[in-house]
Amino acid sequence: MTKKPNEMAIVEAARALRARELSVRELWDACAVAAHRENPELNAYLEIFDADEAAIAAAQKRIDDASNAGGEGGESLLCGIPLAIKDNILIEGHIASAASKMLENYTATYDATVITKLKEAGALFVGRTNMDEFAMGSSTEHSAFGATKNPLDTSRVPGGSSGGSAAAVAAHLCIAALGSDTGGSIRQPAAFTGLTGLKPTYGAVSRSGLIALGSSLDQIGPLAKSVEDAHILYEAIRGTDPLDSTTIAPDLYPVRASSKQLRIGVSRHLLGEGVDADILAAFDATLAGLESAGHTLVDVELPTSAHALAAYYVIMPAEVSTNLARLDGIRYGHAARGSTLLEDYVLSRTEGFGEETLRRVLLGTFVLSSGYIDAYYKKADAARAVLRREYDKAFESCDVIAFPTTPSPAFKVGEKSDPLAMYLGDIFTITANLTSMPALSLPMGTVEREGKQLPVGIHLTAPHQAEGVLFAAAHAVEKTVQG
Amino acid sequence: MATTEEVKKLAALARITVEDGELEAFTSEFDSILAYISQLESLDVSSDLKGEKPALRNVMREDGEPHAAGAYTKKLAEQFSKREGDALSVKQILTHD
């Protein structure tokens, strides 16, 4: 059976467009029709855009001109490809709400750098996707505009905070998507929906035009149907940017060569408890497959990892409370009015922010307050440095480090009402944000829950700027898992 | 651990109001989160704090290449909740009486 256009991966759609088996218009329509049909149930999109006729025509012309000229490789593979964009990434002229009432009516006044790059490549935008408010959450239940459902089992969450982007790709309501990742917000939804998700090295991709959550942790990255697709999107969006001075030159870190035989680091001491038995079994089976394909497993010690989550839940809220201080109801966003200027601020913020946002703003205010900043924030920052050094040391003996992406598969909507229980699910993903290293999740099989097969992910971390090694390792895993 | 009074004070610092009805729940959630992150207090990292310099730091650039005056004025002014022409209209904070 041939695939429907919207079910194709980027490489498949790009080939079909060049072979004239498919027009850009047909590909757009297939995605847009599916999006309109499925969205009432899934709530993956907060808004599905009208067709941009000029962009569709321009993309078709670019593909036609390139093929008339006899070349097929001239144009970006993303030309004419419909993508979904997380609602915290600015597209000029469109609302960017970060799924918050605070920015419900905020229209972006400029394009994020990643959007400029994708427009230049000829990509199309299907719509803006749902998320946890300001990207705070692991389930997309904390959106001010309702939860997103997991297309593989609608009684379950798609993960978060980029849950709308993950659901849109997994349900084939677009070809691929962009999300943002501060503590696992691309990788965990990718694991919950059977996709590949990448958090690049901090500074590899510009954050200009990304609504900030934790500025020392945030990165934009792809959610895609295959490792190859994720790689294509990553190559299209990366690069230094004068609008984001934290972007890094291509040679900031030492070059890591990737060999055919990979050394895969495994930290057994961190897998002892808290991970579901069948996820651990899938992880072990994947590792065994890699070993029989000629790769080597190496034991690595990462003792400070035990404290990583605690450090993260100090640093992230501290940065949140600082970043969200700009939202005060004056220049843009939700503007409530009281009798004094102070009341204007307090009313606007109290009405505009949801519960999880308030919680983290308060937590951040606490850890930064005089008397606590040494005990919490400075300690967490030091733990972060130690953790980074431990990873650097571990990478002397291995190329990538592997974990299961999550301790459990997608949970039920409403199941995790305790905030701390929700935070603990981020245990394997947050270290890459703390150490600034690139990390990727890809499918490693399924586990059964209540008669349904749910996807689970394997998580790979590579040294700084070693995305090449990371993709090589991901291809090796993909080959093993798919047999 | 955290008291409702402390949470109220933090909220005031953060320019937020937490309703009395929600204060108890917030405080107990806050308590469990603080209990978890307080494990950091036992971590000995004093020897690891010295000599650590990030690979990328102090990124500077020359002043210059400003965009044309007024290029974004209209778009930005459209986001104002209340405006007079291109100016943002806010509450008067100084009075003459």
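Hi everyone, I'll walk you through a helix pair in chain B and then a strand in chain A.

This is a predicted model, where local features need pLDDT of at least 70, side-chain atom pairs count only at pLDDT 80 or more, and totals for chains, interfaces and linings use all residues. Residues are numbered from 1 along each chain as its sequence is written, while chains are lettered from A and ligands numbered from 1 in the order in which they are written.

Let's start with chain B. Helix α1 (residues 4-13) and helix α2 (residues 20-37) of chain B have axes that come within 9 Å and cross at roughly 95°. Axes here are lines fitted to C-alpha atoms, for helices over the stretch in contact, with angles from 0 to 180 degrees between N-to-C directions. So α1(B) and α2(B) are roughly perpendicular, a label that covers 65 to 115 degrees. Thr4(B), Val7(B) and Lys8(B) of α1(B) make the contact with Leu23(B), Glu24(B), Phe26(B), Thr27(B) and Phe30(B) of α2(B); contact means C-beta atoms, placed from the backbone, within 7 Å.

Now over to chain A. How many residues of strand β4 (residues 176-181) are buried? Six of its six, where buried means 20 or more other C-beta atoms within 10 Å of a residue's own, with C-beta atoms placed from the backbone. Ala176(A), Leu178(A) and Ser180(A) cover one side, and Ala177(A), Gly179(A) and Asp181(A) the other.

And the neighbours? Strand β2 (residues 82-86) of chain A runs parallel to β4(A), joined by three bridges, and Ile85(A) stands opposite Leu178(A). Strand β6 (residues 219-224) of chain A pairs with β4(A) in the antiparallel sense over five bridges, with Ala177(A) opposite Leu223(A). Pairing takes at least two DSSP bridges, and helices (H or I, at least four residues) and strands (E, at least two) are DSSP runs, numbered from the N terminus.

Note on methods:
Angles under 35 degrees count as roughly parallel, over 145 as roughly antiparallel, 65 to 115 as roughly perpendicular and the rest as oblique. Two residues are in contact if their C-beta atoms, placed from the backbone, lie within 7 Å. A residue is buried if 20 or more other C-beta atoms lie within 10 Å of its own, exposed if 12 or fewer, and partly exposed in between; C-beta atoms are placed from the backbone.
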